[in-house]
Amino acid sequence: MRFYRVEGDAASRFTGDLSRAAHKWGLPGVEPCAACGVGGGWAGLQYPCVDLSGFSKAELKPYSDPWPVPFEVFARLRERIRTLAPEGAVLEPGTRLGPLTGTAAGAFGPITLQDWTLVARDDALAALHGAGLQGLTGCRLDVTFRDKSPPVLRELQLALHGRIHPDCFTQPRASNCAKCGSEASERLPDTYWLAQETLPTQVDLFRLRDYPTLIIATERTVDAADRLKLEGVTFQPVDAR
């Protein structure tokens, strides 16, 4: 099985813009840990299908403020919503929850990648499902358009799988912090490949576990997108060993 990194298509003829939309809720960042010094939050952890609308206004308040909190406060907030998240969800500081909400502009192609948010038109997602691709869950955006007949857009809620091969790093990666559980932060190597044994066999589109802003597709996804002529992103080969 071959794997590919999903990237935005700079030459795309489509102009869809979601820069004025944001996820409705999220987990806050954390203050620097007394043991390891790591603080802030992760980028790329996004679960748009998680619904907190059943919470009271007071309960929602801490999920509407990304300002860093002590780890103990973060841990309580995380446990409060864990059962609402998908099984196996990685809920780290900065995790975004709920649908993209706000304003959308421009013309959207079949697939759009803005920053690390992957969005598909309803018809494109249906076509990918029809092609037999696995692991594609779409969550409808809560955005407004000026257009009187806007497309239905869905953000893909992608599970985390796979890791960069350890040989790509010049030094062995540090173990997780015993106090807060944070993984050591490492800059993505200029040249890297994936650890074959960590990659899924039953999921065709996923985020990388240790770098969740990277979206990885299988060759089945690439073949289907090419066959269905789904524009908007490019697929760059990534080696797996």
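Tutor: Let us begin with Thr112, which is found in strand β5 (residues 111–114); helices (H or I, at least four residues) and strands (E, at least two) are DSSP runs, numbered from the N terminus. This is a predicted model, in which local features need pLDDT of at least 70 and side-chain atom pairs count only at pLDDT 80 or more, while totals for chains, interfaces and linings use all residues. Residues are numbered from 1 along each chain as its sequence is written, and side-chain values use heavy atoms, with hydrogens and water left out.

Thr112 counts as buried because its relative accessibility is 12% (buried means under 20% relative accessible area, exposed over 50%, and partly exposed in between, with a 1.4 Å probe and protein chains only). If its neighbours within four places in sequence are set aside, Thr112 is in contact with Thr117, Leu118, Val119 and Val233, where contact means heavy atoms within 4.5 Å.

Turning to the sheet, five strands form an open arrangement of mixed pairing, in the order β10-β11-β12-β1-β13; two strands pair if DSSP finds at least two bridges between them. The edges are held by β10 (160–161) and β13 (233–238), each of which has a single partner strand, so one side of each is left without a neighbour in the sheet. The partner of β10 is β11 (residues 205–208), and the two pair in the parallel sense over two bridges, with His161 standing opposite Leu208 in β11. Helix α4 (residues 219–228) packs on this sheet, touching β1 (3–8), β11, β12 (215–218) and β13.

Finally, there is a covalent link to consider, for the structure holds one disulfide (a pair of cysteine sulfur atoms within 2.5 Å). Cys49 and Cys139 form this disulfide, with their sulfur atoms 1.5 Å apart, and the link is left-handed, with -65° about the S-S bond. Cys49 lies in the loop between β3 (46–47) and α1 (57–60), whereas Cys139 lies in strand β7 (residues 137–140), so the pair ties together parts that are 90 residues apart in sequence. With a relative accessible area of 35%, Cys49 is partly exposed, while Cys139, at 6% relative accessibility, counts as buried.

Technical notes
Axes are lines fitted to C-alpha atoms, for helices over the stretch in contact, and angles run from 0 to 180 degrees between N-to-C directions.
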